[in-house]
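Let us walk through this structure together, one piece at a time. Keep the view open beside the text and follow along.

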Amino acid sequence: MTYTMYKVLAINPGSTSTKISVAHNDKLLFVEDIKHSRDELSQFEKISDQYEFRKQHILSELEKRGIPLDFDATVGRGGLSKAVPSGVFRVNLQMIEDQKKAVHQHACDLGCMLAYEIAELIPGCPSFVADPGVVDEMAPEAHITGLPEISRICIWHALNQKAIARRYASEIGTTYDKLNLIICHLGGGISIAAHEQGKAIDANNALDGDGPFSPERTGTLPMSDIIHLCFSSGMKEEELLRLVSARGGLLAHLGTNDMRMIVKQIEEGDKHAELIVSAMIWNVAKAIAAEGAVLCGKIDAVLLTGGLCYSDYIVNLLKKRIEFLAPVVVYPGQDEMLALTENAIAALSGQREVFEY
């Protein structure tokens, strides 16, 4: 089979939707965001229990569009089971079992399960994940904390950051492994990483309590206050974890994580909303500048990406604080469907090594 014949199904589960795309090579034939109501999802105790429900929705969407199950590969947005190097991984049963038992749970965990389940319906069809959120290329120093019993881990937007880094390198006529970049993904969670010649040598845990606060996550909090909260609030462990990873940040302060609504409130004179957003950007800028120290000040560019970059208000506010570091280049959104597809095609065509989990 030649390169020009590859047909790929990409699957990207989110908290209340499952985004799918079908592509011939790197041309996306369609992208569909299948919505799921919170009532529908509330019937499932764990995120991993949702995979059969979401699988049927994917198959129904493909059938509705008249697309046969004849893919050359399926690829899912990876899960958060354990640290892995950057690259493309073949999904196997061990990955799925580890995912079901993972401490850190996110809807994207379902990507590997769904890709595997659908590929199993197609003779000879492999299933992949690419640059999952637990890609760990951090320097040894980045893992050390003030307690030997606790190590820093990174859970970040590796897929989008890596894709944006390669895109920027191509645009300026070089390669990712020749650049020092600070990349900031601004979305529901905010991840910031120092990329040194093709490796992210430092990155935050953007899911639960490391780095700046975001539209729905608390980021780093004063430790003694957290300890007091654990013992005085009456909340269970799962409730506290959910507070940190899904009910903090702008949502906790302003009652919404919708940046368009918040910016509208600011434009209408809401000084409290203006202060909270300014504080978020203050902390994001501090974290970006800190990665400059990790790179010893040798920074080729700062790249901003993610959904919040569609907001000129956010981008301009942040640029004012970080433009002194290096040129700032903005890539709004996160083209994860194309990134997943490109990784799968590179694996099928032998351009990228396929790792066994």
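Start at the hairpin of E2 and E3, where two residues lie between the strands and asparagine 25 takes a positive phi near 55 degrees. Strands like these (E, at least two residues) and helices (H or I, at least four) are DSSP runs, numbered from the N terminus. A word on the ground rules: this is a predicted model, in which local features need pLDDT of at least 70 and side-chain atom pairs count only at pLDDT 80 or more, while totals for chains, interfaces and linings use all residues. Residues are numbered from 1 along each chain as its sequence is written, and side-chain values use heavy atoms, with hydrogens and water left out.

Strand E2 covers residues 17-24 and strand E3 residues 27-35, and the two pair in the antiparallel sense over eight bridges; strands count as paired if DSSP finds at least two bridges between them. Here alanine 23 stands opposite leucine 28 of E3. On to strand E1 (residues 7-13), which is joined to E2 by seven bridges and also runs antiparallel to E2. Look for proline 13, whose bridge partner in E2 is threonine 18.

These strands belong to an open sheet of seven strands with mixed pairing, in the order E3-E2-E1-E4-E6-E5-E12. At its edges are E3 and strand E12 (354-356), each of which pairs on one side only. On average, neighbouring strands of this sheet are turned by 30 degrees against each other, direction ignored. As you look along any such strand, recall that in a regular strand the side chains alternate between the two faces of the sheet.

Helix H2 (residues 51-64) lies across E1, E2 and E3 and runs at about 40 degrees to E2. Angles of this kind run from 0 to 180 degrees between N-to-C directions, with axes being lines fitted to C-alpha atoms, for helices over the stretch in contact. Helix H4 (residues 110-119) also packs on the sheet, touching E1, strand E4 (73-77) and strand E6 (127-130), and its direction makes about 165 degrees with that of E4. Touching, or contact, means heavy atoms within 4.5 Å.

Next, the division into domains. The domain assignment of the protein chain gives domain 1 as 7-138 + 336-356 and domain 2 as 158-332; such bounds come from an automatic or database assignment. The C-alpha centres of domain 1 and domain 2 lie 25 Å apart, and 16 residues of domain 1 are in contact with 15 residues of domain 2.

Move along to a second sheet. Five strands form an open sheet with mixed pairing, in the order E9-E8-E7-E10-E11. Its edge strands are E9 (199-203) and E11 (328-332), each pairing on one side only. From one strand to the next, the twist averages 25 degrees. Strand E10 (residues 301-306) runs parallel to E11, and five bridges join them; threonine 305 stands opposite tyrosine 331 in E11. Helix H6 (residues 158-171) packs on this sheet, touching strand E7 (180-186), strand E8 (190-196), E9, E10 and E11, and its direction makes about 130 degrees with that of E10. H11 packs on the sheet as well, in touch with E7, E8, E9 and E10, and its direction makes about 15 degrees with that of E8.

H11 also has helical partners. Two packed helices are described by the angle between their axes and the distance between the axes. For helix H10 (residues 259-267) and H11, the axes come within 8 Å and cross at roughly 125 degrees. That is why H10 counts as oblique to H11: angles under 35 degrees are roughly parallel, over 145 roughly antiparallel, 65 to 115 roughly perpendicular, and the rest oblique. Met259, Ile262, Gln265 and Ile266 in H10 meet Ala273, Glu274, Val277 and Met280 in H11.

Finally, the axes of H11 (residues 271-294) and helix H12 (residues 312-322) come within 9 Å and cross at roughly 45 degrees, which makes H11 oblique to H12. Among the residues making this contact are Trp282 of H11 and Tyr313 of H12.
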